[in-house]
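Colleague: I have a new model open and would like to learn how to read it. Could you walk me through its features one at a time?

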Amino acid sequence: MARSSSGFVAGLTAAAVAVVGFLAYQASANVPDTLGKPLASASKVPTTKAPRDKKNPVALPTASGRGERVVYSVDDDRVWLVDANNRTERTFKVTPGTVDPAVGTYAVTSRSKAVTGSDGTQVEHVVRFALVDGVTIGFSSAMDGSTGSPDSTKKLGGIRETRKNGTAMWNFATIGVKVVVIR
């Protein structure tokens, strides 16, 4: 009986490996060339610092696009979650990694509920949108609640937010949602 069970298990394992290999091939064959690169956008994002409301410095900057989007200012280390009617649902400070994305319009390309960050920290609510010189750029929250500065000697693309803000980002920024990076 043991011989027939081991043969059966070996057959199932071989079939599973073949299916996974086929699915991996299909996934790699269907990856768009633009994955992680800025999208061409009808509303151009200025490469200079976007104008700010001097009376309300945390107000959504003008020239940050239209419609539903995440706006991320690399100069101000701030994020705005903007609904389809151009109203800010939430804004908050973030701690950037050591590698910044270029100014432009991107889309959320992948998400992970919980992983180990590139700095070795356990993170949750990971929302990825860009790739810069092999470094993945995305928003995440450290499970221990930390938002400290990253190790400047490493290339890190994690943009850290508090757990509360990370939950808001996770609920808002699903696959395909625009991410507008401004100065």
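Colleague: Let's begin with strand pairing. In which sense do S2 and S3 pair, and over how many bridges?

Modeller: Strands (E, at least two residues) and helices (H or I, at least four) are DSSP runs numbered from the N terminus, and two strands pair if DSSP finds at least two bridges between them. Here S2 (residues 78–82) and S3 (residues 88–93) are antiparallel, with 5 bridges. Leu 81, for instance, has Arg 90 in S3 as its bridge partner. The two strands form a hairpin with 5 residues between them, and Asn 86 in the turn has a positive phi of about 65°.

Modeller: A word on the ground rules: this is a predicted model, where local features need pLDDT of at least 70 and side-chain atom pairs count only at pLDDT 80 or more, while totals for chains, interfaces and linings use all residues. Residues are numbered from 1 along each chain as its sequence is written, and side-chain values use heavy atoms, leaving out hydrogens and water.

Colleague: Thanks! What is the overall pattern of the chain?

Modeller: Along the sequence it reads α-β-β-β-β-β-β-β-β-α-β, from 2 helices and 9 strands.

Colleague: Which residues of helix H2 are buried?

Modeller: Buried means under 20% relative accessible area, exposed over 50%, and partly exposed in between, with a 1.4 Å probe and protein chains only. In H2 (residues 163–172), the buried set is Asn 165, Gly 166, Ala 168, Met 169, Trp 170 and Phe 172. These residues pack against several strands, including S1 (69–73), S5 (110–116) and S7 (135–142); contact means heavy atoms within 4.5 Å.

Colleague: What sits over the ring of Trp 170?

Modeller: A charge sits over a ring if NZ of Lys or CZ of Arg is within 6 Å of the ring centre and within 35 degrees of the ring normal. Here the charged end of Arg 111 is 3.6 Å from the centre of the Trp 170 ring.

Colleague: And how many aromatic pairs are there?

Modeller: Rings of Phe, Tyr and Trp (its six-membered ring) pair if their centres lie within 6.5 Å; planes under 30 degrees apart are stacked, over 60 edge-to-face, the rest tilted. The structure holds 3 such pairs. Tyr 106 and Phe 129 are edge-to-face because their planes meet at 70°, with centres 5.6 Å apart. Both Tyr 106 and Phe 129 are buried. Phe 129 and Phe 139 are stacked, at 5.3 Å centre to centre and 25° between the planes. Phe 129 lies in S6 and Phe 139 in S7, so this pair ties together parts 10 residues apart in sequence. Ring pairs link Tyr 72, Tyr 106, Phe 129 and Phe 139 into a cluster.
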